[in-house]
Amino acid sequence: MNAPGMPRARNPIELWAAAVRQAGGVGFGLKKEPRARQLLGSGGGKGKWIAADCWPDCGSKGFNKAYVEDGVVVRMGTDDTIEDSWNKPQLRACARGQSLRLWLLGADRLKYPMKRKHWEPGGGKKELRGKDEWVRISWDEALDILAGELKRIKQSYGNEAILAPWVGAIAARALGAYGGFTDQWGAHSTGTWLPAHLHTGFGYPHWNDRFDMVETKLFLLWGTNPVWSQAGLPAYTYMQAKRNGARFIAIDPFYNPTYEMLTDEWMPIRPGTDHALILGMIHTLLVEDDPAANKLIDWDFLNRCTVGFDAEHLPEGADPRDNLKDYVLGLNDGQPRDAEWAAQICGAPPERIRWLARLLAKEEHAAICTSGGVARIDNADTLPQAFIALTAMTGHFGKPHSQLGVHHHFGTNGGPQLVQGQNSRSYANSHLRAPPIPNPVCDDMMAGGFQHTSRKGCININEINTAVLNGHYTGVDGEKVPIDLRMIYHAHGSRVNQLPNTVEGIRAHRKVEFVVTQNMFMNADAIYSDLVLPVTSRWERDGNVCIGYREQLLWHSKVMEPYFECRDDLWIGVELAKRLGIDPAIVEPWSWKQEIFNQVADARVMNEDGKTFEPLVTITKDDLAAFDVEGVPQQGRITVEEFREKGIYHIPREPGDNHGFVYLKEFREDPDANPLATRSGKLEIHCQAIADLVNRLGWSQIRPIPAYVPPMEGYEATFSDWEQRIKGDYPLQVYNIHMPRRAHNFFDNATVMRELFPHEYIMNPIDAAPRGIANGDTVLIRSPWGKVLRTVWVTPHIMPGVTILGQGSRVDLDEETGIDRGGCANVLKGSKPTGGGHIGWNSLIVEVEKWTGAPLRSDVETAHVIPLKDAYA
Amino acid sequence: MPATYRGTPFAFLRDATGSSKMQWRMNLGAHAPNAMAGMNLEPHRPEAKRGRNMDWVVQFEGQMLVCGVLAKALYGAPDREWMDGLVAAGLFDSVPFGSDLPEIAAALDCLGRWSNSVEGGLGDEAFAALTDDYTRLFVGPGRLLAAPWESVYANKDRAVFQKETVSVRNWYLRFELGLTSEYNEPADHIGLEFAFLAELAQRTIEASDIRDGREVKRLIDAQRAFLGQHLLPWVPRWAGDVVEHARTDLYRGLAWLARGTVIEAASFFSVASEQPVRSGAFQRTAQTQH
């Protein structure tokens, strides 16, 4: 059409003047700012430090501060509120925490609500998800689309058709109130330790107090790497023990930086073979033990405090053959699980296995420190019982300076919490004084909460995508439950990328009628969505209160204004509620500011007596007025203002104080007076509850004792003929560790982290050489489930036959070839569950070849912005 | 001519061919902006070197108009009606200032090609192609092919909301300007920076109309400084990314135009740049594209 008033063929000045006039003037996008003078003077060039949250779920906790000048986060800082000492260490930030500023202010954050171009109600070219163009839309349009699809799908198919896997309790408030949704169950992180903590008597938290731990003389660091995965205080406690003369042995396929820092010896074993190694050690001790001449076994503890070790100490009604001793000695099947047997599987020489067993048994003050990683193995359901048996028989439970410690989430520092507040990583209920919003589809569990075990309305995490694709999932009693999922709602985490079989996940996301993702970043969930909603980070909200480790309480404040058009999850919930006919006050009973102040008021700290708690902060009427909140004045230890300004409170500690803790001490002294929460009241090496749980689900069958079951895709599966030891199509093992670049999927897109920490496939020269692979080559990694390209780091730090692909990198699938260029470990992993429905990430088999196509570009080049090109300068 | 700029903001544009226009051109009283910066512009001293002043003013006004068009074209998604008008008017047949830069030639080439392709009117498909292109390059979601914010190019951290952003915001505030946006977005968007430059140019013209020499000097200094501190360090690189990644000749052409305009203006204001404004490599790209 012809624009009126813009005649042709005039001189250029006139034409361009007309174009500017049609645009509304020369200053498009700018307007007169009457408050310019005040705004200009407001910053004054003086900045201030603000306590800034770090919530990505690495399992550790550092304290971060942001220095803000004129509204710009200029740099990062950490805990300098106390003098640093061994007894009272500062809660320092790690490299990831220090990168928060550039991560959260990255140009790649989601800025505006967007919809997929070809989306229409009911789907609209669903196969284009992940490939389609995007269209920027208003919040109103976005929320109308979301509410419209929720209504349509609920009316047509019922609430069950809405899949919202672990969306978090804040995002789930409106969904719960709207009649609920299908959720997920199962442990991502803890592998098979979770049922063990619930049923064997080896509970959580179970670490000894750090002042006890630093006197330990021998540490078996077993499949753990807190320097990378849970940076901060966890390794610091070990450093003190090392300073005190402790000996450290590493048991792991990978000689990692934690071991480089601490250990005296490295005993490489294959992934998924820890169980076999433990049985070989137990066998060694059984045959070498002589109570008079060579005491290796703590029979007193085993007999008094455990069930299942031998036939004389079994729970009522147990099959007498179901005892660990007879199984290990091979009395029933003629196969002793001796060091030679174990060596065939785990790869450590028999003599080293016996050496390790003796070393552990003879040391009075020894600790086995391991992780969730060893239990993220297919069929590893009774591995925790094997660890428990080994620790029990060597006498290391309930004794000072001795322990079995799993997961470094609490900084190698156990005992009752000395501070009470939310765990910032837990995404717990958002309005703590209000009753949680139930999810009617899932037996009224808290909407959006984390569900450990099988439950009505919840799909196991392995089966989320197959439930969408195949229309059924495994129910509480192992039955096939039909389900017709029509919509996926993502509001937390990264399901496509971080659950097994990412390619299958993409197919599932292309099947349903509607997918929505609310996130800070364009993660894989968002890529395969129809609607993307940008949410604020915790830096852009009115703060949060949470615990640090055992001894720190943190109060983070708002650091900056919302990034572009980002809105809070809670705001989205309220706006949805309005459109769905739900009272918004149910979703947001009170403001976030009020909620945070409530949490500050409710924060408790333990008194010196080691028993009672008192409020942390004193609150006066003036404080309530100043913060513009409701509340009741109270007396506490420090002022509200001091807590807010410092952002962190440390419980005073010193050796010998009343906060010491040795796990199971009372139980060891008198197990009858202090029974554990198990069926027998004892530590259960024979645990019928776990066997029942696994066998009822029906994915695999297990015995109640820790009998070894080869993992579905473990070392044994690398052979086509195990007896003759003939290798199969996938002769190498691969497992996926936590890399320093990221915490799961978080941080990975930050350019600075990509520059600092590579994401390489790691293999031994012995495996690389015959394949013609050299350090730095691009290699193609093939598993039975998918194909991934990565640059290789060839190093003797990894044992032969084993390779590593760190988890968390975002998938970048070439749909023509089916090859992932992003290095996503879950492209290689199948989604078939075993045992109790954990995820067996670390049991995987592959073949690797040198890539003959174009070499992979560096991850820095594919980071959040296009690299600067000098040619364009 | 209006004495108060805010009351009738575009009066001089409406009066582009009028006699009063000619009047202020003759009254401007300086050889070139660089020299003007140090001169005392007394209103009662109309100088004699009219020819050169005329050239300068035409050049200055032309650049201002191009900045105004770039602001509208780059800040915000494509405006169909406005763009249709540009095509109908044949806007991209030429630029309103003299330049022998290969960038300007490349810009006219791309923009002309695009104009020809939509000569019969901007159809649904062609308009969708523009919207898609704009979204991919500048909106997202996710990784942007040519992030339109200065700090992403000029700051070593390559993030948004950096010190460059505050500096730009403060430039706007010093001239009593703020963003029309209702949410928190960085002030250093390419379109906004061009809008600011165009505003300052317009105010210069108006100040000279009322013979306010002090204000003219202040405005000229501001434009020189803003170009040197802000536009010049990043727009050339940014334009390179757009040219590489754009799918449509319109955005490729606008990128060339942005680059050419900034370089031309820098030369016009004699902006001292610590680095060479261009490398030979990119200039050759421009020439071959042209």
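**Figure 1. Strand 25 of chain A in the predicted model.** Strand 25 covers residues 552-556 of chain A, and 5 of its 5 residues are buried, so the strand is largely enclosed by the rest of the structure. Gln552(A), Leu554(A) and His556(A) point one way from the strand, while Leu553(A) and Trp555(A) point the other way. The residues of both groups are all buried.

**Figure 2. The pairing partners of strand 25 of chain A.** Strand 24 (residues 544-547) of chain A runs antiparallel to strand 25 and is joined to it by 4 bridges. A hairpin of 4 residues leads from strand 24 to strand 25 of chain A. Strand 25 is also joined to strand 30 (residues 648-650) of chain A, by 3 bridges and again in an antiparallel arrangement.

**Figure 3. Helix 20 of chain A and its surroundings.** Of the 8 residues of helix 20 (residues 502-509), 6 are buried, so this helix is largely enclosed by the rest of the structure. The buried residues are Thr502(A), Glu504(A), Gly505(A), Ile506(A), Ala508(A) and His509(A). They pack against two other helices of chain A, helix 18 (464-470) and helix 19 (495-498). They also pack against strand 21 (487-490), strand 22 (514-519) and strand 39 (813-814) of chain A.

**Figure 4. Thr273(A), a buried loop residue.** Thr273(A) lies in the loop between strand 11 (265-267) and helix 12 (274-288) of chain A. Its relative accessibility is 0%, and therefore Thr273(A) counts as buried. Leaving aside residues up to four places away in sequence, Thr273(A) touches Ile345(A), Cys346(A) and Tyr715(A).

**Figure 5. Phe613(A), a partly exposed strand residue.** Phe613(A) belongs to strand 27 (residues 613-615) of chain A. With a relative accessible area of 30%, Phe613(A) is partly exposed. When residues up to four places away in sequence are not counted, Phe613(A) touches Gln417(A), Leu418(A), Gln420(A), Arg604(A), Val605(A), Met606(A) and Asn607(A). Phe613(A) and Gln420(A) are 193 residues apart in sequence, whereas their C-alpha atoms are 8.9 Å apart in space.

**Figure 6. The interface of chain B and chain A.** In this interface, 89 residues of chain B are in contact with 64 residues of chain A. The area buried between the two chains is about 6,900 Å², and carbon and sulfur atoms give 64% of this area. Pro141(B), Arg143(B) and Arg237(B) supply 11% of the area that chain B buries against chain A, more than any other three residues.

**Figure 7. Polar and charged pairs between chain B and chain A.** There are 4 salt bridges across the interface. In one salt bridge, Asp132(B) is joined to Lys117(A), with the closest N and O atoms 2.5 Å apart. Helix 4 (residues 50-74) of chain B provides 10 residues, the largest share of the side of chain B that touches chain A. The residues of this side of chain B comprise 46 nonpolar, 19 polar and 24 charged.

**Figure 8. Strand pairing between the two chains.** Strand 1 (residues 30-32) of chain A pairs with strand 1 (residues 177-179) of chain B in the antiparallel sense, over 3 bridges. Within this pairing, Lys31(A) stands opposite Gly178(B) of chain B.

Notes: Residues numbered from 1 in each chain as written. Chains lettered and ligands numbered in written order. Predicted model: local features only at pLDDT ≥ 70, side-chain atom pairs only at ≥ 80, totals over all residues. Heavy atoms only, no water. Buried < 20%, exposed > 50% of the residue type's maximum accessible area, 1.4 Å probe, protein only. Contact = heavy atoms within 4.5 Å. Buried area = accessible area lost by both parts, 1.4 Å probe. Salt bridge = Lys/Arg side-chain N within 4 Å of Asp/Glu carboxyl O. Polar contact = N/O pair within 3.5 Å; in protein donor to acceptor, adjacent residues only side chain to side chain. Nonpolar A, V, L, I, M, F, W, Y, C, P; charged D, E, K, R; others polar. Pairing = 2+ DSSP bridges.
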